[in-house]
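Here is my note on this model. Please read it with the structure open.

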Amino acid sequence: MNSNKVWLITGAGRGMGADIARAAIKAGHKVIATGRNPDRVANALGNHHNLLVVKLDITDAEDAKAAVDAAIAKFGAIHVLVNNAANFNAGYFEELSMSEIESQVATSLFGPMKVTKAVLPIMRKQQSGHIITISSTAGLVGYTFCSAYSASKFGIEGWMESLQTEVEQFGITTTIVNPGFFRTELLTEESTKYTENTIDDYDEGRRQQLQFWKGANGQQSGDPAKLAEALLTIANEEKPPLRFLAGADAVGTAEQVIKTLKEQTDSYRELSSSLAY
């Protein structure tokens with residue numbers, strides 16, 4: 001692998017972000033590992049001459065600019081950006097407050113946008129770069145209890161697909177990553193917030209949903225260390241994929257989405273095709 005690449009990784013203090021940072025350093029890359037708590041990032045990754053730990057709250061555009069400036073001062077370039085930091089505001093849509101919904105979008109959609117805006121001038125000047133943004137299977141299909149989270153991830157999908165058409169002229173590539181269930185820390189109490197607003201009609205369903213989501217923590221089938229290695233493989237390709245489905249469950253979800261869309265298209269093909277002037 002090219003040991004001259006410089007990676008900027010968000011949410012690198014734990015979970016998948018830490019695994020990606022470790023894999024990149026092990027492969028000989030230079031890494032700017034960022035997080036809201038830089039001490040946690042440093043404790044997770046240790047000391048290395050190819051590692052720079054920087055504070056970055058992805059919801060703060062000034063933080064993003066400062067992190068990019070620090071990266072350039074240290075390593076002189078940014079070749080790969082990994083938008084990994086995320087959270088999960090869970091609950092039925094009607095029970096979620098607008099502040100909870102806005103918080104979800106601010107972190108999971110606007111956050112990666114702010115970091116990418118800070119990085120793009122560097123990559124445009126370089127005439128090269130690779131932007132990897134972690135989405136979810138919840139960006140391919142909606143799930144119960146995940147309306148706010150899915151809204152942010154569906155937003156990631158549209159933004160990234162559109163962004164690629166704008167930046168490919170500068171030699172910049174993008175990859176959307178759709179992980180299935182990986183044993184990260186997304187479902188821990190620190191990353192997942194269950195709404196405390198309740199409506200009686202949802203009580204039984206909410207009980208089942210809470211049991212499922214809380215029970216899934218630590219039991220997910222995907223290995224984030226293997227996903228980290230897969231991302232290194234993708235980033236080393238001359239023409240990285242526009243989308244990478246991570247995990248057998250993600251592949252199954254995508255295949256079901258394709259099947260359902262085909263069925264819906266065929267069911268109303270005649271009516272859909274009869275709407276011209």
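1. Start with β2 and β3. Strand β2 (residues 30-35) is joined to β3 by 5 bridges, and the two run parallel. Thr34 has Val54 as its bridge partner in β3. From β2 the chain passes through helix α2 (residues 38-45) to β3, a right-handed β-α-β crossover. Right-handed means that, with the strands pointing away from the viewer, the path from the first strand over the helix to the second runs clockwise. Helices (H or I, at least four residues) and strands (E, at least two) are DSSP runs, numbered from the N terminus.

2. A word on the basis. This is a predicted model: local features need pLDDT of at least 70, side-chain atom pairs count only at pLDDT 80 or more, and totals for chains, interfaces and linings use all residues. Residues are numbered from 1 along each chain as its sequence is written, and side-chain values use heavy atoms, with hydrogens and water left out.

3. Now the sheet. It is open, has 7 strands in the order β3-β2-β1-β4-β6-β7-β9, and pairs in parallel. Two strands pair if DSSP finds at least two bridges between them. β3 (51-55) and β9 (243-246) each have a single partner strand, so one side of each lacks a neighbour in the sheet. The twist averages 15° from one strand to the next.

4. Look at β6 and β7. Strand β6 (residues 129-134) pairs with strand β7 (residues 172-179) in the parallel sense, over 6 bridges. Ile134 has Val177 as its bridge partner in β7. Helix α8 (residues 248-267) packs on the sheet and touches β7 and β9. Contact means heavy atoms within 4.5 Å. The direction of α8 makes about 120° with that of β9. Axes are lines fitted to C-alpha atoms, for helices over the stretch in contact, and angles run from 0 to 180 degrees between N-to-C directions.

5. Which elements each supply at least two residues of the lining of the largest cavity? They are α4 (98-126), β6 and α5 (147-167). The lining includes Thr133, Ile134 and Lys153. A cavity is a set of points on a 1 Å grid over the protein atoms alone where a 1.4 Å probe fits but cannot get out, and lining residues have an atom within 4 Å of a point.

Definitions and conventions
1 Å grid on protein atoms, 1.4 Å probe; cavity = no way out; pocket = protein on both sides within 12 Å on 5 of 7 lines; lining within 4 Å.
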